[in-house]
Amino acid sequence: MFVQSRAPTKIIMNDEPTKVGDTYVPKELKRETLCLPNLPESEVVRHYTRLASMNFGVDNGPYPLGSCTMKYNPKYADRIASLQKFTDVHPYQDVSTIQGTLEMMYNMERKLAQISGMDAVTLQPAAGAHGEHTAMLMVRAYHESKGETRDEVIVPDSAHGTNPASAAMAGFKVIEIPSAPDGSTDMDALKAAVSSRTAAFMLTNPNTLGIFEKNIKDIAKTVHSAGALLYYDGANLNAIMGITAPGDMGFDIVHFNIHKTFASPHGGGGPGSGPVGVKKKLAPFLPSPIISKVKDGFVLEPGEKHSIGKVRAFYGNINVVLRGYTYILRMGSDGLRNAAIKAVINSNYLKELIKDVYEVPYGDPKKHEFVASASKLKKEKGIKASDIAKRMIDHGIHPPTIYFPMLVDEAMMFEPTEDCSLDDMKRMAEVLKTIAEEDPEIVLNAPYNASVSRVDETKAAKDAITSVRYMNRKA
Ligand SMILES: *Cc1c(COP(=O)(O)O)cnc(C)c1O
């Protein structure tokens, strides 16, 4: 942990306030000393290097965190995103001086439209959940423009928690429907839930159980004939890109996770980007600004009359978009398609390797991810999914997503992604089998090789130490 080993340097700020300070900063809010630790470079470098080595990332090893698509982020994308011509751009610059950036954004919108089978795209939202919320605002504006009052959004019980949250934040009442015994959408439950009050049905396909919704055409028909819209949670796009598209399945509106599907770091690794794609009928509701191509270049225009307005400052997380764009160009359509095929094969391969030890409910084949259960081990040995996850850390493999989706008891959701090698998967399976056979006492007290062992998760959530100053005050 960070220890302040020297007295802080007292830097006396200039007594002469700047013009900006004069005008905008009240005197009582002005800081007179900067509380910076006074440390030599060597200590700072060692501190951060040590912190970096305590972390586990996609550059350390396989990272099968289901639903998150933690694929390897190729370094060429970082190199392009670090080009000074992009990083030095300021959002207040005149558009005539940022034509290259606008062209990249315009082209990225077209690429994403092509991949998803949509007609128009906005790059504004800063993450998947923000994309969902943006989309739900558009759904609301769409129905309002037709003079219809539709206040319900349907989500399946396998949905990611952000789906109902985004719908609720946009002012909708959330109706949850159960899954069928095979894990797909229960058509009877859907038909019973849709009505003239339904604004949209939010679905991901393949769903969070890794199962492709075979009835998707029927689902689309049911939703559309009630006058509602079909929303695609694009977090699972890695399973289908280049093979099929949400637009072809009947979806009206889609969010992407650039930081999942298109190889930009995420989690603690950096900001995200959650563009939204729509069919033509929803284009008038896209947020502002819109990038348009004119005779001699690109311009930024306010949204149309029905636009939901601004959802984010300036132009979105351009650097993340740029990484994704670089990745898409480098992969090409064949490359993206092959990545999806390989991701699906890997997931099914890993599932076959472990299914005798960890039960995998809900039938085959799986798409890019699958959900196993530690339920049997819990009954027989008292080992839960969370214990297995902790023990995997000792064996050098990042744990899968656990306890999601909630409809599988002791859920362990694996997504090995396309960059997982055959050896990676064999090792992962071996580790999982070893843990199942280990003395439960060993597993229950794991991890032993990590920088921290078991943390009190409730206390951590309720009493987060968010800064060094806060930590020192508490000590
Ligand atoms: C990750 C994810 C989201 C939310 O995306 P963020 O970028 O994390 O906000 C939504 N739905 C599913 C299925 C996801 O996996």
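**Ground rules**

I am working on a predicted model, where local features need pLDDT of at least 70 and side-chain atom pairs count only at pLDDT 80 or more, while totals for chains, interfaces and linings use all residues. Residues are numbered from 1 along each chain as its sequence is written, and side-chain values use heavy atoms, with hydrogens and water left out. Helices (H or I, at least four residues) and strands (E, at least two) are DSSP runs, numbered from the N terminus.

**Entry: salt bridges**

Side chains of opposite charge can pair when their charged atoms come close. My cut-off was a side-chain nitrogen of Lys or Arg within 4 Å of a carboxyl oxygen of Asp or Glu. Searching the whole structure, I found 21 salt bridges.

I began with Glu418 and Lys71, whose closest N and O atoms are 2.8 Å apart. Glu418 sits in the loop between strand 12 (411-414) and helix 15 (422-437), and Lys71 in the loop between helix 2 and helix 3, so this pair ties together parts that are 347 residues apart in sequence. Both Glu418 and Lys71 are buried.

Back to Glu352: its side chain meets that of Lys355 in a salt bridge (2.9 Å, N to O). Lys355 counts as partly exposed, given its 36% relative accessibility.

I then checked Lys378 and Glu410, which meet in a salt bridge at 3.1 Å, N to O. This pair links distant parts of the chain, with Lys378 in helix 13 (residues 375-381) and Glu410 in the loop between strand 11 and strand 12, 32 residues apart. Lys378 is partly exposed at 31% relative accessibility, whereas Glu410 is buried, with a relative accessible area of 6%.

I also noted a network of salt bridges that links Asp151, Glu152, Lys173 and Arg197.

**Entry: aromatic rings**

A pair of aromatic rings is described by the distance of the centres and the angle of the planes. I paired rings of Phe, Tyr and Trp (its six-membered ring) if their centres lie within 6.5 Å; planes under 30 degrees apart count as stacked, over 60 as edge-to-face and the rest as tilted. By this rule I get 7 aromatic pairs.

One of them is Tyr142 with Phe285, edge-to-face at 5.9 Å centre to centre and 80° between the planes. Tyr142 is in helix 6 (residues 128-145) and Phe285 in the loop between strand 7 (276-278) and strand 8 (290-294), 143 residues apart. Both Tyr142 and Phe285 are buried.

Phe314 and Tyr315 also pair edge-to-face, at 6.5 Å centre to centre with 70° between the planes. Phe314 is partly exposed, with a relative accessible area of 34%, while Tyr315 is buried at 14%. Ring pairs link Tyr92, Phe314 and Tyr315 into a cluster.

**Entry: the loop between helix 2 and helix 3**

Ser67, in the loop between helix 2 and helix 3, has a phi near 80°, a positive value in a residue other than glycine. Thr69 lies in the loop between helix 2 and helix 3 and has a positive phi of about 45°, although it is not a glycine. Ser67 is buried, with a relative accessible area of 6%, and Thr69 is buried, with 1%.

**Entry: His398**

His398 lies in the loop between helix 14 (385-394) and strand 11 (401-402), and I list it as buried because its relative accessibility is 16%. Its side chain makes a polar contact with the side chain of Tyr63 at 3.2 Å. For a polar contact I asked for a pair of N or O atoms within 3.5 Å; within protein, one must be able to donate a hydrogen and the other to accept it, and residues adjacent in sequence count only if both atoms are side-chain atoms.

**Entry: cis peptide bonds**

The bond from Asn205 to Pro206 is cis, with omega near 0°, and Pro206 is in the loop between strand 4 (198-203) and helix 9. Ala446 and Pro447 are also joined by a cis peptide bond, with omega about 5°.

Definitions and conventions
Buried means under 20% relative accessible area, exposed over 50%, partly exposed in between (1.4 Å probe, protein chains only).
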